[in-house]
Amino acid sequence: MQYRTTRRAAFLQRPNRFIALCDLDGETVRAHVKNTGRCRELLVPGCTVYLEESGNPNRSTAYSLIGVEKGNLRINMDSQAPNRIFQEGVEQGIIALPEMAGYTLLKGEQTFRHSRFDFYWESPTARGFVEIKGVTLEEGGRAYFPDAPTERGIKHLQELSQAVGEGYCGSLVFIVQMKGVASVTPNWATHPAFGLAVQAAQQAGVAVHCYDCQVGPDWVRADTPVPFLLDMPHILALE
């Protein structure tokens with residue numbers, strides 16, 4: 001996935017979830033934040049960020065914040081990127097889900113019951129839905145999802161499970177928008193209900209896959225599989 005012209009800047013502050021103020025070559029500019037999550041561990045005053053020029057003179061912000069540096073990690077934080085990363089990865093053979101082997105059709109944004117899943121696919125022998133989750137939260141070399149409670153994410157998992165029960169394949173794919181993490185784990189501290197929903201979905205037959213990404217200043221692409229670890233806390237495992 002390639003961005004248009006990008007500029008390196010320093011993050012100053014985030015007055016609201018949509019706007020970031022950044023220092024670009026000594027000038028304070030307003031940038032649209034392409035991720036409405038909290039991102040508190042990423043957007044730290046003084047950190048290096050990457051801004052994409054909009055090229056639209058009628059837009060209220062001339063730039064979009066698409067990436068950030070955290071220590072030695074370069075992280076893509078564009079919440080619209082994971083779906084494109086997945087599709088390009090599948091088409092290029094970088095992402096290969098076993099359940100999609102020999103697929104002949106891949107379509108985005110398809111509805112099943114009360115949910116709109118990110119992708120629907122068909123092969124000569126199967127058909128299924130894929131839900132994509134972008135991951136930007138990293139701590140101690142591990143990636144965690146979500147970074148804030150997500151009731152919508154739980155609903156998607158429940159309806160993926162229903163789809164499996166009706167003969168479809170169901171896949172949950174975490175796109176880790178960085179390189180260098182050892183695993184992906186539910187964020188039990190922030191939203192234990194999501195972790196329990198993943199466990200229930202796996203038991204219902206939903207497949208869980210994780211891929212990390214190579215991230216450049218103006219590009220991002222899927223790279224290699226990463227292990228998914230449920231790592232349920234002991235107190236929850238006993239319930």
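Buried residues, meaning those under 20% relative accessible area with a 1.4 Å probe and only protein chains counted, make up 50% of the 239 residues in the protein chain. The model in your viewer is predicted, so local features need pLDDT of at least 70 and side-chain atom pairs count only at pLDDT 80 or more, while totals for chains, interfaces and linings use all residues. Residues are numbered from 1 along each chain as its sequence is written, and side-chain values use heavy atoms, with hydrogens and water left out.

Next, select Ser123, in the loop between β8 (115–122) and β9 (127–135). Is Ser123 buried or exposed? At 11% relative accessibility, Ser123 counts as buried. Leaving aside neighbours within four places in sequence, Ser123 is in contact (heavy atoms within 4.5 Å) with Ala101, Gly102, Tyr103 and Thr104.

Now turn to the empty space, which a probe the size of a water molecule, rolled over the atoms, can show. On a 1 Å grid over the protein atoms alone, a pocket is an open set of points with protein on both sides within 12 Å along at least five of seven lines, a cavity is a set where a 1.4 Å probe fits but cannot get out, and lining residues have an atom within 4 Å of a point.

For the largest pocket, with a volume of about 800 Å³ (the space filled by probe spheres set on the points, which are joined across faces, edges and corners), select Thr36, Ser79, Gly134, Phe145 and Arg152, the closest to its centre of the 29 lining residues. The largest share of this lining, 5 residues, comes from β9.

Finally, find the 1 cavity of 30 Å³ or more, which holds about 60 Å³ of space, by selecting residues of its lining, among them Tyr3, Tyr50, Arg74 and Trp219. β6 (73–76) is one of the elements that give two or more residues to this lining, and β6 gives the most, with 3 residues.

Conventions:
Helices (H or I, at least four residues) and strands (E, at least two) are DSSP runs, numbered from the N terminus.
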